[in-house]
Amino acid sequence: MARIKLTKTELKAQTDALKRFQRFLPMLQLKKQQLQGEIAGITAKAEETSARERAVRESLNRWVGLFATDEGLIAGLVKVRQVNTGTANIAGVTIPTFGSIDTDVKEVDPWATPAWVDDAVATTTQVLSLQCERAIYEEQRRLVAEELQQTSQRVNLFEKVKIPECKEAIRRIKIAIGDEQTAAVTRGKIAKGRAPQS
């Protein structure tokens, strides 16, 4: 703890600081709870997206044999050109939101390729979209977790350092001022006793 002056001015400064810390602490605790809730929500959305991706991939099991026969055709059939995102604000944190994906589809001759290629393009696009959506949720979680860590540190700083320091400083200043006043009264009485009486 820094050295404090044992004066009434310092007492007022410490009292004001204590009130300020006690006023901001509930807001920080509320923000911490909100961020924890948001992380839980984002995690649930990411898991739901992963489950949807698994379901789409499981539906591909019937296509696996076809993919194996035409590996050259499937390789690079669909590529993500761009992920379209927006932004949202969660408890003061700007996070990306998933919109859609733009894809490039390899040109194939519709007369020279099997009919299932169109379905393969649609399914592959769906899998890529789900993967990009999950990646956005993971980025959201990372950003919100960083903010949660900073907010938790501030809550701990206020609860465990700043508020106790102010209370201790106020206690020490009050004791010092009380001792000073007692000494002044004692000096006054001694001076009064020494004064010549008429």
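**Notebook: hairpin, cysteines and helix contacts**

I started at asparagine 84 and found it opposite serine 100 in β2. The model is a predicted one, and I read every entry below with that in mind.

*Hairpin.* I looked up how the two strands are joined. Strand β1 covers residues 78-90 and strand β2 covers residues 93-105. They run antiparallel, with 12 bridges between them. I then checked the turn: β1 and β2 form a hairpin with 2 residues between them. Alanine 91 sits in that turn and has a positive phi of about 50 degrees.

Cysteine 132 has a relative accessible area of 15%, so I list it as buried, the limit being under 20%. Cysteine 166 comes out at 5% relative accessibility and is therefore buried too.

*Glutamine 14.* This residue lies in helix α1, which spans residues 8-59. I have glutamine 14 down as buried because its relative accessibility is 14%. What does it touch, apart from its neighbours within four places in sequence? I found glutamine 14 in contact with Ile4, Cys166, Ala169, Ile170 and Ile173. Cys166 in that list is the buried cysteine at 5% relative accessibility.

*Threonine 151.* I located threonine 151 in helix α4, whose residues are 116-194. Its relative accessible area is 0%, so threonine 151 is buried. With neighbours within four places in sequence left aside, I list Leu28, Lys31, Lys32 and Leu35 as the contacts of threonine 151.

*Alanine 135.* Helix α4 also holds alanine 135. I record alanine 135 as partly exposed because its relative accessible area is 40%. I then looked up its distance to alanine 46: the two C-alpha atoms are 8.4 Å apart, while 89 residues separate the pair along the chain.

Next I checked for charges over rings. The charged end of arginine 20 sits over the ring of phenylalanine 21, 5.8 Å from the ring's centre. Arginine 23 lies over the face of phenylalanine 24, and there I noted 5.2 Å to the ring centre.

Methods:
Residues numbered from 1 in each chain as written. Predicted model: local features only at pLDDT ≥ 70, side-chain atom pairs only at ≥ 80, totals over all residues. Heavy atoms only, no water. Pairing = 2+ DSSP bridges. Helix = DSSP H or I, 4+ residues; strand = E, 2+ residues; numbered from the N terminus. Buried < 20%, exposed > 50% of the residue type's maximum accessible area, 1.4 Å probe, protein only. Lys NZ or Arg CZ within 6 Å of the ring centre and 35° of its normal. Contact = heavy atoms within 4.5 Å.
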